Every structure is written in C-alpha cells, then in structure tokens.
Amino acid sequence: MLTLPAMTLPSMLMFILVTVPYTVAFWGAAIAGIAGAFTAATTRDDAFPAADRQPKWIWVGLLSVASILCWAGSTFLAVAGAVIICIYWCDVRPQIRQLIG
C-alpha cells in the first residue's frame, strides 16, 4: 500500500501558495496561445509579410507548440512557451491589426 508522507499545515499552505499561481498562469498562457493560434490561422496570408514578420503558418505552429509546452512542459519549457505567446500578443498581433485596419 502506498503511503504519503505527512505534511504539516505550514508546509501544505506553502505548497498551495507556490504551485497554484504557477499552474494558473501557465494554463492561462496555454489558453492565450490557443486563441492566438486561432487568430493567426484566420488572418489573411499576406498580412504577416506586410508587417515584416514570419509567415502565417510559422506563427500558427509556434503558438500551438507553445501552448502544449505551457500545458504539459517543465517550468523552463513553459516559460519559453509563455514568452512566445507574449511576443505574438504584444508585438505581432497589434502590428497586423494596425495594417489590416
């Protein structure tokens, strides 16, 4: 029979206070990545080169992989995925929206 080590109340609270925010943040980033991949996939093909960015399907692939990394990756890979998602939403998407109008 599997027995778990006994956790004291302070160690249990510390575990909750540390893991819950990271989990929520990375799952939120994964959802933002899925939404970003959808918006990139529905954007016109010529908008990305006009904005001097990578082609549309590269961004769709990057955002899809970044979402998977945020959901199931280790902390380092999840942070890398969150950075890719942030770059799309904070740099690429506003410039494309400005060009499209």
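Contact, throughout this tour, means heavy atoms within 4.5 Å. The model is predicted, so local features need pLDDT of at least 70 and side-chain atom pairs count only at pLDDT 80 or more, while totals for chains, interfaces and linings use all residues. Residues are numbered from 1 along each chain as its sequence is written, and side-chain values use heavy atoms, with hydrogens and water left out.

**Stop 1: Arg93**

Select Arg93, which is in helix H4. Helices here are DSSP runs (H or I, at least four residues; strands are E, at least two), numbered from the N terminus. At 17% relative accessibility, Arg93 counts as buried; buried means under 20% relative accessible area, exposed over 50%, and partly exposed in between, with a 1.4 Å probe and protein chains only. Leaving aside neighbours within four places in sequence, Arg93 is in contact with Thr39, Thr43 and Tyr88.

**Stop 2**

Two packed helices are described by the angle between their axes and the distance between the axes. Axes are lines fitted to C-alpha atoms, for helices over the stretch in contact, and angles run from 0 to 180 degrees between N-to-C directions. Select H1 (residues 9–41) and H4 (75–100). The axes of H1 and H4 come within 9 Å and cross at roughly 45 degrees. That makes H1 oblique to H4; angles under 35 degrees count as roughly parallel, over 145 as roughly antiparallel, 65 to 115 as roughly perpendicular and the rest as oblique. The crossing of H1 and H4 is left-handed, meaning that the near helix is turned anticlockwise from the far one by less than a right angle (clockwise would be right-handed).

To see the contact, show Phe26, Ala29, Ala32, Gly33, Ala35, Gly36, Thr39 and Ala40 on H1, which meet Thr75, Ala78, Val79, Ala82, Ile85, Tyr88, Trp89 and Arg93 on H4. Sorted by type, the residues of this contact are 11 nonpolar, four polar and one charged. Nonpolar covers Ala, Val, Leu, Ile, Met, Phe, Trp, Tyr, Cys and Pro; charged covers Asp, Glu, Lys and Arg; the others, Gly among them, count as polar.

**Stop 3: H1 against H3**

Keep H1 and bring in H3 (residues 56–72). The axes of H1 and H3 come within 8 Å and cross at roughly 160 degrees. That makes H1 roughly antiparallel to H3, and their crossing is left-handed. Residues to show in H1 include Phe26, Trp27, Gly33, Ile34 and Ala40; in H3, those they meet include Lys56, Trp57, Val60, Leu63 and Trp71. The contact of H1 with H3 divides into 13 nonpolar residues, four polar and one charged.

**Stop 4: H3 against H4**

H3 and H4 pack at an angle of about 140 degrees, with their axes 8 Å apart. That makes H3 oblique to H4; the crossing is again left-handed.

**Stop 5: the core**

Which members of the largest nonpolar core touch the most other members? Select Ala40, Phe48, Leu63, Tyr88, Val92 and Ile96, out of 16 residues in this core. A nonpolar core is a set of buried Ala, Val, Leu, Ile, Met, Phe, Trp, Tyr and Cys residues joined through side-chain atoms within 4.5 Å. H1, H2 (47–50), H3 and H4 each supply at least two of the core residues, and H3 gives the most, with five. Centre on Ala40: beyond neighbours within four places in sequence, Ala40 is in contact with Phe48, Lys56, Val60, Leu63 and Tyr88.

**Stop 6**

Go to Asp91, in helix H4. At 35% relative accessibility, Asp91 counts as partly exposed. Apart from neighbours within four places in sequence, Asp91 is in contact with Arg53 and Cys86. Asp91 and Arg53 are 38 residues apart in sequence and 9.9 Å apart in space, C-alpha to C-alpha.

Finish at Asp52, in the loop between H2 and H3. Asp52 counts as exposed, at 65% relative accessibility. Asp52 has a positive phi of about 60 degrees although it is not a glycine.
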